[in-house]
Amino acid sequence: MIQWGKSGGMSAGGIRGTPVLLTLAAVLLCPPESRDVNLPADLVFHHGAVYTVDAARSWAEAVAVRNGRIVFVGTDAAVAPLIGQHTRVVDLQGHMLLPGFHDSHVHPISGGIELGECTLTDLTTEAQILDTIRAYAARHPEERWIVGNGWQLPIFPNASPSRQLLDQIIPDRPAYFASADGHSAWVNSRALALAGITDSTEDPPGGRIERDPNTGEATGTLREAATGLVERLLPEHTSADYEAALRRALGLANRLGIIGMIDADADEPKLAAYQAMDRAGRLTARIVAAMHTEAHEGLGQLSRLEAWRAKYSSVNVRPVAAKIFADGVIEARTAALLEPYLGTSHDRGELGVQKDTLEALVAALDRDGFQIHVHAIGDWAIRETLDAIEKARAANGHHDNRPIIAHLELIDPADIPRFRALGVIASFQPLWAYPDEYITELTEPKLGPARSRWLYPIESVLRTGAIVAAGSDWSVSSLDPLQAMQVAITRRAPDSTAGPAWIPEERATLAEMIAAYTIEGAWASRAEKISGSIEVGKDADLVVLDQNLFAIPPEQIHTARVLLTFLRGREVYGDDRMKD
């Protein structure tokens, strides 16, 4: 509940603001027509806990919107003259109003496609997975391939499910199931045969075919680039499939308060789907697309990226970034490490792009005005990426291209200050920063305690003053920003209400995590001048929550629910509890 102090300041959970100054600023900064009481607002929010995320992290009670833009931020009393006969008035009843959320690393269309497949994401046992696949296959006798996603690596020994398990329930059709993290695939014998994978098939560059240590036979688990040996055979999706997937993804995102997304791996069919939805007026989020690159194509792919950037750019769709995979994941020993994995003498994983190629590609993309967006998990991959960005900066000068490194699971302490020094955005996936089975069974045993101390060092990066943006990597993990915020603050599982924090030195604050999902996310998308905070003159990208996050224990943040979401003043999601 909001309380007013004697000085006119407002407190909520120990945070104080200056709404009187905000009101004065609103009056002074509004264009003349917005100060005219004869021009009422289209939309007014009042009686709320408005956390603006402006530079002073100010609080207010009321916000007014006209023509999709914020024209007033201040007190309930001062907003009253802007309420006219046709103004929509939202009585917040003490609920929290925040800037709309930006997800800085997500796969909307891929995730939407997966929602229509055999999804295994929430299953926790081998028996559940097999029962689900069996039932799906029985319901879809018409499908030539059984395709699914979302199996969790820790469920299976050595994170390697066998082809025999699938053969038992799908013996007559090929089957392909992508892992939850997207870096492994599980296939049956029929799929291996169609792909021509035999005991003598060599591992492709950047990939690994898991094999029985005694017989050398392919087990049915494929890693990284090896997944493509089978994936290329899957039935192709149509443009209608992509648009339907995008509608599903947008609906979910808006329900969670998200109005801005960076698609972290877009190809041309996805760009076409964004464009089609935008032209139809149904694109309910700002989209920045990081277009897919291939290491082996080198600089030859620049012309294609340039053509896509020109062809698919619009106000709402901006294909201005390029995605590079610097390595894989620690769980499958495909992440690139500075020192070998424990239990091996020399296995450091493998760089997804060799040093010379990475440096040349990053420099060329930077020179051409593309925003670099790199997947880097291991400390070796992160260092090589920072080195490449530093060399590009030296060669090209400062272009404010705002390079992004995403995931950042293991950062060598020596490299933490380099993010601020180089102007690199650290895009963490905060929901991963707690000791689940991926950490306790598949990560820490491969690294040991000394290196494990530096897993997801969110607060250490924040303390340097670097820009930290937050993303979900959905569909790898939940799209919900509130769950991710809570985990970053508590360093415990979302449903954990007590117990020690995992690496407590790296706990972030609520204010830091709200910023990571709002103003810093807008910065990562080059939208900070129009979105990311509640300030006069900015677009009305807003989200209403049923609880004031500063007034509840951190362990309860995930219980908060989105009631309303607005993009440029247009309602894109409304909970039944907020019906007029």
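## Salt bridges

R383, D387, E390, D412, D415 and R418 are linked in a network of salt bridges, a salt bridge being a side-chain nitrogen of Lys or Arg within 4 Å of a carboxyl oxygen of Asp or Glu. The model is a predicted one, in which local features need pLDDT of at least 70 and side-chain atom pairs count only at pLDDT 80 or more, whereas totals for chains, interfaces and linings use all residues. Residues are numbered from 1 along each chain as its sequence is written, and side-chain values use heavy atoms, with hydrogens and water left out.

A search of the whole structure finds 29 salt bridges. One of these joins R223 to E210, with the closest N and O atoms 2.8 Å apart; because R223 lies in strand β17 (residues 218-224) and E210 in strand β16, the pair ties together parts that are 13 residues apart in sequence. Both R223 and E210 are buried, where buried means under 20% relative accessible area, exposed over 50%, and partly exposed in between (1.4 Å probe, protein chains only). Helices (H or I, at least four residues) and strands (E, at least two) are DSSP runs, numbered from the N terminus.

The side chains of E384 and K355 also meet in a salt bridge, at 3.0 Å from N to O. E384 lies in helix α13 (residues 379-396) and K355 in helix α12, so the pair ties together parts that are 29 residues apart in sequence. E384 is buried, with a relative accessible area of 11%, while K355 is partly exposed at 33%.

In helix α11 (residues 302-312), the buried residues are L302, L305, W308, R309 and Y312. They lie on the same side of α11 because they cover an arc of only 125° around the axis, the arc being that of the directions from the helix axis to the C-beta atoms. On the other side of α11, S303 and A310 are exposed.

The cover over the buried residues of α11 includes β18 (258-266), α10 (268-279), β19 (286-292), β20 (317-325) and α12 (355-367), where contact means heavy atoms within 4.5 Å.

## Strand β18 and its partners

Nine of the nine residues of β18 are buried, so this strand is largely enclosed by the rest of the structure. Strand β11 (residues 101-106) pairs with β18 in the parallel sense over four bridges, pairing requiring that DSSP finds at least two bridges between two strands, and H102 stands opposite G260 in β18.

Five bridges join β18 to β19, which run parallel, and D263 stands opposite A289 in β19.
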